[in-house]
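Please examine the sequence and the structure shown here before reading on.

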Number of protein chains: 2
Amino acid sequence: MKLDEAKQKFVHSWGVLGSNWGINKTMAQIHALLLVSEKPLSTEEVMEYLQISRGNANMNLRGLIDWGIVTKEIKIGERKDFFKADKDIWEVARRITEERSKREVEPVIKILNEVKNVEEESEEAKEFKETIEKLESFTSNLDGLVKKFVKSDEHWFYKTVIKLMK
Amino acid sequence: MKLDEAKQKFVHSWGVLGSNWGINKTMAQIHALLLVSEKPLSTEEVMEYLQISRGNANMNLRGLIDWGIVTKEIKIGERKDFFKADKDIWEVARRITEERSKREVEPVIKILNEVKNVEEESEEAKEFKETIEKLESFTSNLDGLVKKFVKSDEHWFYKTVIKLMK
DNA sequence: CAAAACTTTCAATTTTTACTGAAAGTTTTA
DNA sequence: TAAAACTTTCAGTAAAAATTGAAAGTTTTG
């Protein structure tokens, strides 16, 4: 396979994965593109490669910066901004995990905690509380575990993987 | 808090979580509703509670059945179908994990594997391969680990959580 | 077997989400 | 300091996804 073809395939596939998981396709594609570019890219280059408008490129680049997985670079002698993805997959996973947990999982854990406080003592209420408690325990354990994994370093991760997999 | 209010809050919040993670809101809400209903519900009851059309209710119920986390029940003397969510959170997590992995993660791992086969030996190609390899290793390890977690039983899970957390 | 009870399908519509492009804003340079 | 180079914003538009509702399909019952 040719390098260009491979890049294209990867960028496309990453976009599909992203949109399946609630990340907009373009944002995922820009991220993929920057991940496999040997050098930082300008807005123009991103626009050109993905055939998207300036506004779209700009907003999604900013989005990626907000996630903390892309940074602006300034080239001396150049007036444009250049963008570069963090190539440390660990760092990327860490940031995404922390952000998504904070934005999406933690609020749900909070709600689960709240709705547990049903005063009623009927059979139905008891069953409800039980279901919610299990859900809460599961959710927060999993959330904690994922964070733990991702916070630790690469070496620890693989060690743990190996330990747990056998 | 009153039971009804608590249920409503939970159903709503589960819908939000779902749509953030690429699951349509209604499907997530129906699932939540069935999870906290003491008895199986008919299509009418689901329609009524969530204020949705028959077609919508039907399609999303079928969707949930396809995921393997909701089952049809037949009540003797009744002609309608009734729907019931699997209340074993473990089983639910297991099925969702397996399905999403199969539908969404595995295809990406396959692509990553494919695009590694770049013949070129330029510096750029080398860097590309390195990035993809790291991504692939990370993705498949994480995927494998999550599956492993979810395949094992509740007891093993908590034991592992405790072991890893300290 | 035909009417009733119920379920499924799908074209049309609505809602939501993403994108465009031009205008406004900002920074740099001469 | 004004024009050029570049970035950001956002109202309007387009595209995608979800939903409706009515018609077609299926199963049950008398």
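**Protein surface at DNA strand C**

In this predicted model, DNA strand C is surrounded by 17 residues, the closest being Thr26(A), Ser53(A), Asn58(B), Arg62(B) and Asp81(B); a residue is near the strand if one of its heavy atoms lies within 4 Å of it. Of the atoms of DNA strand C that come within 4 Å of the protein, 72% belong to sugar and phosphate.

- The side chain of Thr26(A) places an N or O atom 2.5 Å from a phosphate oxygen of DNA strand C.
- For the side chain of Asn56(A), the corresponding distance is 3.1 Å.

Elements and residue classes
- Two or more residues each come from helix H4 (54-67) of chain A and helix H4 (54-67) of chain B; helices are DSSP runs of H or I with at least four residues, numbered from the N terminus.
- H4(B) gives the largest share of this surface, with five residues.
- By class, the surface has two nonpolar, eight polar and seven charged residues; Asp, Glu, Lys and Arg count as charged, Ala, Val, Leu, Ile, Met, Phe, Trp, Tyr, Cys and Pro as nonpolar, and the others, Gly among them, as polar.

Arrangement of the copies

Conventions
- Residues are numbered from 1 along each chain as its sequence is written, while chains are lettered from A and ligands numbered from 1 in the order in which they are written.
- Local features need pLDDT of at least 70, side-chain atom pairs count only at pLDDT 80 or more, and totals for chains, interfaces and linings use all residues, while side-chain values use heavy atoms, leaving out hydrogens and water.

Notes. Polar contact = N/O pair within 3.5 Å; in protein donor to acceptor, adjacent residues only side chain to side chain.
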